[in-house]
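Hello,

Here is the structure I promised to pass on. Please open it first, then read my notes below.

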Amino acid sequence: MRHFTLQEVKSWDRFYRGNFINSISGFKSVSLIGTVDSNNNANLAIFSNIVHLGADPALIGFINRPREASPHTLSNIEETKTYTINHIHADFLDKAHQTSAKYKKEESEFDKTGLTPLWTEDSKAPYVKESSLRYALDLQEIIPLKQNDTFLVVGAIKHIYVPIVAIQPDGFVDLEKVGSLASLGIDGYYKTSLLKRYSYARPNQDPTELPN
Ligand SMILES: Cc1cc2nc3c(=O)[nH]c(=O)nc-3n(C[C@H](O)[C@H](O)[C@H](O)COP(=O)(O)O)c2cc1C
């Protein structure tokens, strides 16, 4: 194993450093965030810094990069207070990745990539039709992070669409069955494979495996 100091890391080329640091926090969920502005112009972008914040109320957070770098999702959410999060599967991964390109505000990534906007009664923002697990959120709070000009966007889940076959008797949603992908860094994508599930851990008791 090789030891690196911050001083050494700082001396690296910025792309090499970005890839390295972006990888070590580990595998992440990766999804497409669908939004509209106040004139109903749709926008779609891929995000991987998405995190569960709590189950009751059901809150999800995501990190938006500095406004200059990733402007449209953030400004649309500020305008319309709503957005959808859509899982990504292998059959449209290339299109999903392409949404990270810097398209102009008036250009919709749906049109540019060929992904299909799905408009419903329950959400002002479009879902992605190709996605098998999707949910809609209402904005709760946008917290600016002073250290690096990023934003923690906090949303409350309002509607969820999940294939019934993936829902286990205890409520666990087996995302492997849905074919949802995971990501690493900003350009690596992974299929998943369940190792084990365990019962609730208690002090001084050996963990027991749950049946699949
Ligand atoms: C795999 C992957 C993950 C990404 N994750 C994020 C993220 O979590 N937050 C972010 O602000 N940008 C992320 N990006 C970059 C955005 O997709 C990109 O800046 C996009 O152009 C933003 O579009 P918008 O301005 O339409 O919101 C990611 C890009 C890729 C390829």
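**What I found**

A201 is found in the segment after β12 (188–190). Helices and strands here are DSSP runs, numbered from the N terminus: H or I over at least four residues for helices, E over at least two for strands. This is a predicted model, where local features need pLDDT of at least 70 and side-chain atom pairs count only at pLDDT 80 or more, while totals for chains, interfaces and linings use all residues. Residues are numbered from 1 along each chain as its sequence is written.

Back to A201. Is it buried or exposed? A201 is exposed, because 9 other C-beta atoms lie within 10 Å. The cut-offs: 20 or more other C-beta atoms within 10 Å of its own make a residue buried, 12 or fewer make it exposed, and anything in between is partly exposed, with C-beta atoms placed from the backbone. The C-alpha atoms of A201 and V30 are separated by 28 Å, and the two residues are 171 apart along the chain.

Two strands count as paired if DSSP finds at least two bridges between them. Strand β11 (residues 182–184) and β12 have three bridges. In that pairing, S183 stands opposite Y189 in β12.

**The seven-stranded sheet**

Another open sheet has seven strands, also paired antiparallel. The order is β3-β2-β6-β9-β10-β5-β4. β3 and β4 are the edge strands, each pairing on one side only. From one strand to the next, the twist averages 35°. α3 packs on this sheet and touches β2, β3, β5, β6, β9 and β10. The direction of α3 makes about 50° with that of β2. Axes are lines fitted to C-alpha atoms, for helices over the stretch in contact, and angles run from 0 to 180 degrees between N-to-C directions.

Look at β4 (residues 50–55) next. Zero of its six residues are buried, so β4 lies largely in the open. β4 and β5 run antiparallel, joined by five bridges. A hairpin of two residues links β4 to β5. H52 stands opposite I60 in β5, and V51 has G61 as its bridge partner there.

**The core**

The largest nonpolar core has 26 residues. Such a core is a set of buried Ala, Val, Leu, Ile, Met, Phe, Trp, Tyr and Cys residues joined through C-beta atoms within 7 Å. L32, I33, L44, I46 and L137 touch the most other members. β3 gives the most to this core, with four residues. Leaving aside neighbours within four places in sequence, L137 is in contact (C-beta atoms, placed from the backbone, within 7 Å) with residues including I60, Y83, I85 and I157.

**Around the ligand**

Which residues come nearest to the ligand? Of the 22 around it, they are A45, N49, R65, H72 and T73. Near means that the C-beta atom, placed from the backbone, lies within 6 Å. β3 (42–47), β5 (58–64) and α3 (72–80) each give two or more residues to this shell. The largest share, four residues, comes from β3. The shell divides into nine nonpolar, ten polar and three charged residues. Here Ala, Val, Leu, Ile, Met, Phe, Trp, Tyr, Cys and Pro count as nonpolar, Asp, Glu, Lys and Arg as charged, and the others, Gly among them, as polar.

Best wishes

Methods:
Contact = placed C-beta atoms within 7 Å.
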